[in-house]
Amino acid sequence: MNQRVVIDPITRIEGHLRIEVEVDEHNVIQKAWASSTLWRGIEVILKGRTPMDVGLLVQRICGVCTFSHYRCGTEAVENALGVKIPLNAQYLRSLMMTALHYHDHIVHFYHLHALDWVDVVSALSADPAKAAQVAMKYSDKPLAAGEGDLRAVQERVQGFVNKGKLGPFANAYWGNKTYRFSPEQNLIALSHYLKALEVQRVAAEMMAIFGGKQPHPQSVVVGGMTAVRDLINPARLQEWQAKHDIVTDFIERAYKADIIMAADAFGKEASVLGGVNVHNFVCSNEFMGADGQYIFKQGVVLNGDLKQVTDINPDLIAEDVTHSWYKADKPQHPYVGTTIPEYTGFVERDTVYGKLPTVDGDKKYSWVKSPRYNGEPMEVGPLACLLVNYAKGNPLVVTAVDDLLKRTGLPLEALYTTLGRTAARMLQTSIIAKESNNIFNALINNLKSDESLYRKPEIDPSKEYVGHAIIEAPRGMLSHWVRIKGGVVENYQAVVPTTWNAGPMDAQGKIGPFEASLVGLQLEDPTKPLEVLRIIHSFDPCMACSVH
Ligand code: NFC
């Protein structure tokens, strides 16, 4: 008999996500429902506000990728008003975006996702001398190089265990058979987990250098950037460079090495070799450097066909709310999108954990809307960015992907897996780390002849304006859409990365990437669904963003 498994809340993410699945008698998932349970109505709050405040208000959508919304909202207003910001401001915004990607991707892999791969308890039985040798296999200059350092990590964690205080390592599925690292590999990754706590702070400080503070930076305004003198102060620029070096060193010597190690150990683990079942991908241009060139370029790939990549057509984006707790009788383009709540709740039934509120799949079951591109569900995020850019022959991406495949011995198809999604995020971070110096140098060069950072925008209350911005946030393509009338915001919609990935079934019965990724997965033990966590975490869900 089929049984329901409810995981609510999913932890080690931002925001409120519940995943419910139905498994058959072999514990194979037949149906999956992704649901988010908190709505705040920020699009509604924006109505009637001055467009100059949009950036500051929309960045409260999230506590993680605050800068993404801040910048995207500000740029939607700039697009509506026809404001062209100075080049220095564009470079600075690109650099701030690099800091955000470093921060979010490092925190995601180590602090949100790693424990789906790393068995901390097993690390306690590792031989630190052997672990130091093993580390040499995955990097020419491993960060976890010394036996002494590895022993110290082991003793530190053993100390928590002895006191019965596992802290962040409590309540996991330690010992699950789908963990594949040896004790030594677990110890190496664990040492990086602890180091990453320091490195993510450095990445956050990078954002604060140009943003004034982090989270919720304050330096972006409609028309450019504020705090002109401070932003281009040579001491500040040097500080940026020094922190950049610390972060990129970690990316190359720990993050990349750990992904190669995961490919080695998990290369045959069935539960990570699926997990990409929507084969449509879309991403935006991001990280503008000299001559208006982007590190990553926009595009759309459908049905996994890397031979055909098309440009994004913004007219083809719409949001469906058939199974979302909102009213609307058909999919809406974001310029005319509405956000009218209509909550209908859950139904109680038996699950593997006893009676619980559960989804009625015929009804509404999530606060997340379902974005569609020309009627199709799309995966967004680093995997989409890499696949689109690989299809476009972007040399930075082709080289990075081919190098990793060669190094791990995996075929290109391995990208279409949970392991591939997690590896893509590391590759994206590593490419940014190598290329963003060009953006920094372009800024320094331009400052020699031009110190402008701001152009005052004009707004005529007797006119109506319409504008949007599409950017690549850490979790994927983000777009904001604004209509301005009488000098204030008339309508506002944000179509957010995790909304694309986590949205429920649409009117045509098509399911989105989260739900599709789980169908067909066999669970080792439905009461301890580690495999579900591993797949869902590989998207790096941010439900605060997705619902807003
Ligand atoms: Ni929150 Fe996001 C917004 C999302 O664009 N999803 O990456 C960005 O949050 O982390």
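Predicted model: local features only at pLDDT ≥ 70, side-chain atom pairs only at ≥ 80, totals over all residues.
Q: Which residues are the buried ones in helix 16?
A: They are Leu 530, Glu 531, Val 532, Leu 533, Arg 534, Ile 535, Ile 536, His 537 and Ser 538.

Q: And what happens just after helix 16?
A: Just after the end of that helix, Asp 540 takes a positive phi, with a value of about 55°.

Q: Changing topic to the ligand, which protein atoms are donors of its nickel atom?
A: The protein donors of the nickel atom are the SG atoms of Cys 62, Cys 542 and Cys 545, and they lie 2.3 Å from the metal. Along the chain, the donors of this nickel atom follow the spacing C-x479-C-x2-C.

Q: OK, and what about the iron atom of the ligand, what are its protein donors?
A: The iron atom has the SG atoms of Cys 65 and Cys 545 as its protein donors, lying 2.4 to 2.6 Å from the metal. Taking its four donor atoms together, the angles run from 78 to 173°, and the site is irregular.

Q: Why does Cys 65 count as buried?
A: Cys 65 counts as buried because its relative accessibility is 5%, and Cys 545 also counts as buried, with a relative accessibility of 3%.

Q: How many residues surround the ligand, and which are the closest?
A: The ligand is surrounded by 13 residues, of which the closest are Cys 62, Cys 65, Arg 475, Cys 542 and Cys 545. Sorted by class, this shell has 10 nonpolar, two polar and one charged residues.

Q: What lies by the oxygen and nitrogen atoms of the ligand?
A: In the side chain of Arg 475, an N or O atom is 2.6 Å from an oxygen atom of the ligand, and a backbone N or O atom of Pro 474 lies 3.5 Å from an oxygen atom of the ligand. Thr 498 has a polar side-chain atom that lies 2.7 Å from a nitrogen atom of the ligand.

Q: New topic, then: how many salt bridges are there?
A: The count comes to 31 salt bridges. Side chains of opposite charge can pair when their charged atoms come close.

Q: What does Arg 372 meet in a salt bridge?
A: The side chain of Arg 372 meets that of Asp 506, at 2.6 Å from N to O. Arg 372 is in strand 13 (residues 370-373) and Asp 506 is in the loop between helix 14 (497-502) and helix 15 (513-518), so the pair ties together parts that are 134 residues apart in sequence. Both Arg 372 and Asp 506 are buried.

Q: And which residue forms a salt bridge with Arg 253?
A: Arg 253 forms a salt bridge with Asp 249, and the closest N and O atoms are 2.9 Å apart. The two are four residues apart in helix 10 (residues 234-266), which means that they are separated by about one helical turn. Asp 249 has a relative accessible area of 30%, so it is partly exposed.

Q: What about Lys 528, which residue forms a salt bridge with it?
A: Lys 528 forms a salt bridge with Asp 525, with the closest N and O atoms 4.0 Å apart. Lys 528 counts as partly exposed at 42% relative accessibility, and Asp 525 is partly exposed as well, with a relative accessible area of 26%.

Q: Which residues are linked in a network of salt bridges?
A: Arg 4, Asp 8, Arg 18, Glu 20 and Glu 22 are linked in such a network.

Conventions:
Residues numbered from 1 in each chain as written. Heavy atoms only, no water. Donors = N, O, S within 2.8 Å, 3.2 Å for Na, K, Ca; no water. Near = heavy atom within 4 Å. Polar contact = N/O pair within 3.5 Å; in protein donor to acceptor, adjacent residues only side chain to side chain. Nonpolar A, V, L, I, M, F, W, Y, C, P; charged D, E, K, R; others polar. Buried < 20%, exposed > 50% of the residue type's maximum accessible area, 1.4 Å probe, protein only. Tetrahedral: all angles 85-135°; square planar, octahedral: opposite > 155°, others 65-115°.
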